[in-house]
Amino acid sequence: MKRKITTIKRMVSFGLILVMTLTGMNVYAAELDVNTDDIIDEQESATSITYNVETGEITYGNAEDYILEDVDSAELNGVNGEEISPTGIIGPDDRIMVSNTTVYPYNAICYVESTFPDGNVKRGTGSLVYSTVMLTAGDMVYSHNHGGWAKSVMVVPALNSDGQNRPYGTAHSTTITSNSQWTENKSIEWDWAIVDLDKSFSSWLGVSYNKNYTLYIGLKASTVGYPSDKGFQMWQDTNSISAAGERYLKILCDTQAGDSGAPVMALESGKIAGIIVTEYKENDVYFYNGAVRINADLYSRIKAHIDEVQQ
């Protein structure tokens, strides 16, 4: 099954329109050698793939299935759900450090460290979407340049104090689920992963989906993660969503390497609307960051995964 996806606009606005060529593009998943702005008009659907970290067993799940095709919007609620207060302003590097990581929603944000078969270690971010389930980027669990599936994924919710303070302890992956478009084709618009953990936590974020992706354009959103240029502290930025498509969001929040897998949280609902996967720059100037959007397909996969865990 093939689905049309809208060509990404090459413009973002900070009060004026900047036309971009992306000749100096940089991406968090630096191993990708494709220009993610040149999105193809048609793309195959993906089959979910689950990797058992302990046994190495690989199982295949469902192909793309829009079970919510007739539903305009849907939401999964988090625990201790509250709206997120805007804290950032539009401008260069307006990130702020999160000093108290034990309050919601920060206690559901996770520092992630993945070890791949060749020994390469990659750090990133994830967010709990259920007590034992974390959502992150596909490049945090499957590396095309470092041997495939991660041998281990370490998860630390609310990490603080330069990596020394772990208020809720440490969890590790038991199974990892991603999809064939990421593992086989390096498709950045399918760069997502769902990670099952060996430890249960008491706070997690809600996930939201809206069929009409144009409604996201112009909305305020917040990103929270562990950028590598800031040590092991949690940092946050708030800004606008500048463009959207069936599978992507372009945001104006400041992010850096280490934020891969961080949630894009819509301020209106406080729920996850996307997953940070790329950063874009031209001539050393950053213009916008890219996220995988929570569309009907991904929302359905997350919901089905949580339902199965709850059984």
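**View 1. Surroundings of Ser 269 in the predicted model.** The side chain of Ser 269 has a polar atom 3.2 Å from the backbone nitrogen of Lys 271, a polar contact being a pair of N or O atoms within 3.5 Å in which, within protein, one must be able to donate a hydrogen and the other to accept it, while residues adjacent in sequence count only if both atoms are side-chain atoms. Ser 269 sits in the loop between strands E21 (263-266) and E22 (272-282), where strands (E, at least two residues) are DSSP runs numbered from the N terminus, as are helices (H or I, at least four). Apart from neighbours within four places in sequence, Ser 269 contacts Glu 75 and Ser 208 (heavy atoms within 4.5 Å). Ser 208 is 61 residues away along the chain, with 8.2 Å between the two C-alpha atoms. Because its relative accessibility is 24%, Ser 269 counts as partly exposed (buried is under 20% relative accessible area, exposed over 50%, partly exposed in between; 1.4 Å probe, protein chains only).

**View 2. Strand E10 and its two partners.** In strand E10 (residues 121-130), nine of the 10 residues are buried. Antiparallel to E10 runs E9 (residues 109-115), joined to it by seven bridges (strands pair if DSSP finds at least two bridges between them), with Glu 113 opposite Arg 123. E11 (residues 133-136) is also antiparallel to E10, through three bridges, and Met 134 is the bridge partner of Leu 128.

**View 3. The hairpin turns.** Five residues separate E9 and E10 in their hairpin, whose turn includes Gly 119 with a positive phi of about 95°; two residues separate E10 and E11 in theirs.

**Notes.** Residues are numbered from 1 along each chain as its sequence is written, and side-chain values use heavy atoms, without hydrogens or water. In this predicted model, local features need pLDDT of at least 70 and side-chain atom pairs count only at pLDDT 80 or more, whereas totals for chains, interfaces and linings use all residues.
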